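Here are some notes to read alongside the model. Have it open and follow the points in order.

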Amino acid sequence: MFRYIKYSSLCSLIALVLLFSCSKDLGNYDYKDINEIQITGLDSTYVSLFGEPIKIIPELDFSQDSEGADSNYTYEWFAINQDLSTLNADKRTDIVNTRNLDLESLLLPPGNYDINYNVTDTNTGVQWHKTFTLIVESSIQKGLMVLNDVQGKARLDMISLVNEEYNPIYDVLDYTGSSLTLEGAPINVACYAYDYQFYGVYVNTTGNGTTKIHPESFDWDNTYRLSFEMLTNVPTDYGADFIEPVEGLQSFMYKDGDIFYYYRTRSIRYGVPINFIEADNAKFNAAPFIGYGDVTVLYDVDKKRFVRFTEGGSVSFEMPTGDLFDYNTGKDLIYMAKSSYNGGEVFAILKDPSDAKFYLARIRSRRNIRQQYYGEIPDEVALQMDQADQFAISPDFGYIFYNVGGKVYEYDFNSQKSKLMIDKGAGNITVLQFERYAPYSKDLIVGSYDSGTTEGTIEVYKVPAVNGDLELSQSYSGFGKVVSVAYKTE
């Protein structure tokens, strides 16, 4: 009992000393109000387009600084990517260090971001903070890629699809701040699903060779070059004559009479040319046309014959015996293309070198290859086709469109008649095609320019049945001489 009381008395004494000390210290501190900043005028969510200007002006209210001189403050804008798949090291992107967010071109890749705005008083070091959501949509996600010649130099444009409307973006690489500078003359552009995670947009010029650009930002890296997709040793700036996309992560690449095959799913890359007949144990010179399908139709220029290539293979084979015509035609191939007409057919226009007669062959390129049609083309039409610059096949009706200078004709193999559909007079038509992908898969795309100018135009026509006149549905100007177009689907 005695020990408890003694301990209790000691505790009471300590408490009294502390209380006395605290009471004596009152009033020793000089408290001052600091400059406080209220950040207002910001919405919780903003939506902006990649590559487009963005302007966000917050309202700042300073409790002790009526003017809010920028010399007294520092500002910081940065973005945090909300995508959970993004690595932590890659989540943050610094934007600007200015009072307002005012950019001529927003270069954050499409996605959702937390935008952080910090204002720091340099006199006190105290920081104020606001956060909001920014949804970046892409103005370059979908649309028609347009490679054109502007005074002898290549320029990549785009007819962009945003909110169900198409609008041209001229010099889209400059628009997006891409690090790729196109050099030399334009050759072609191609778009297809090269990889599950990397959509292929291929640009080919005489100065750059063939290279992909990033599908979301259009930026560029040296590893995007086509040479990095090749198994054989080729120059770094290797350029294909053209790439022919095929559904299902497949494509064919043509170069100087050789055809190479790519199939991502089966880990097949461009390697040894497939224009090799196993039975002959010899390579053949291939025509620059690909009649792709489950069975792809190629043409042997040396022996003037059709040959076939099977999906996933590495060599070509002779054709089976045909019931409408001999696949060993002995004729020159003028044009060949795959069309979705009648469930998928390969159209081929042939010329007999002995008498200059023209013939149309149609081949169904499914697992069991089958001849669908063979017939001579009337002489008056053949004379036009012999001078034709380009051909295109209507997927709905099988009409063969071709142009001679500024005139576009439509040939109907059923009536065996040709009809003038477009007359540009002294104008020049540089592109005539049906795009593979919707929304242009059934529409005729015509690229042209006037002889007296270098300004080009792209027109899109609806193709009616029963040889009706073409119906102009879209027209865009401001291009150079259009050389190649391809639709970017993603």
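**Notes on the model**

1. Start with D352, which sits in the loop between strand 25 (345-351) and strand 26 (358-364); strands here are DSSP E runs of at least two residues, numbered from the N terminus. Before going on, note that this is a predicted model, with local features needing pLDDT of at least 70 and side-chain atom pairs counting only at pLDDT 80 or more, while totals for chains, interfaces and linings use all residues. Residues are numbered from 1 along each chain as its sequence is written, and side-chain values use heavy atoms, with hydrogens and water left out.

2. Is D352 buried or exposed? D352 counts as buried because its relative accessibility is 14% (buried means under 20% relative accessible area, exposed over 50%, partly exposed in between, with a 1.4 Å probe and protein chains only). Setting aside residues up to four places away in sequence, D352 touches K331, K357 and Y359, where contact means heavy atoms within 4.5 Å. D352 and D332 are 20 residues apart in sequence, with 6.3 Å from C-alpha to C-alpha.

3. The side chains of D352 and S354 are joined by a polar contact of 2.6 Å. (A polar contact is a pair of N or O atoms within 3.5 Å; within protein, one must be able to donate a hydrogen and the other to accept it, and residues adjacent in sequence count only if both atoms are side-chain atoms.)

4. Now look at R305, in strand 22 (residues 305-310). R305 is buried, as its relative accessible area is 5%. Beyond its neighbours within four places in sequence, R305 has contacts that include I277, D280, E318 and Y327.

5. S448 belongs to strand 33 (residues 444-449) and is buried too, at a relative accessible area of 6%. Among the residues S448 touches, not counting those up to four places away in sequence, are K424, N428, E455 and T457.

6. Two loop residues have a positive phi. F218 has phi near 65°, and is not a glycine; F218 is in the loop between strand 15 (209-213) and strand 16 (242-246), and is buried with a relative accessible area of 0%. For Q416, also not a glycine, phi is near 55°. Q416 lies in the loop between strand 30 (407-412) and strand 31 (417-423) and is partly exposed, at 33% relative accessible area.

7. Which residues touch the most other members of the largest nonpolar core? They are L156 and V172, in a core of 45 residues (a nonpolar core is a set of buried Ala, Val, Leu, Ile, Met, Phe, Trp, Tyr and Cys residues joined through side-chain atoms within 4.5 Å). Apart from neighbours within four places in sequence, the contacts of L156 include M145, L147, V172, L182 and I213. A second, separate core has 38 residues, among them A287, V346, V381 and F413.

8. A154 is in strand 11 (residues 153-162) and counts as buried, at 12% relative accessibility. Leaving out neighbours within four places in sequence, A154 is in contact with residues including L147, L182, P186 and T205. A154 and V307 are 153 residues apart in sequence and 36 Å apart in space, C-alpha to C-alpha.

Note on methods:
Helix = DSSP H or I, 4+ residues; strand = E, 2+ residues; numbered from the N terminus.
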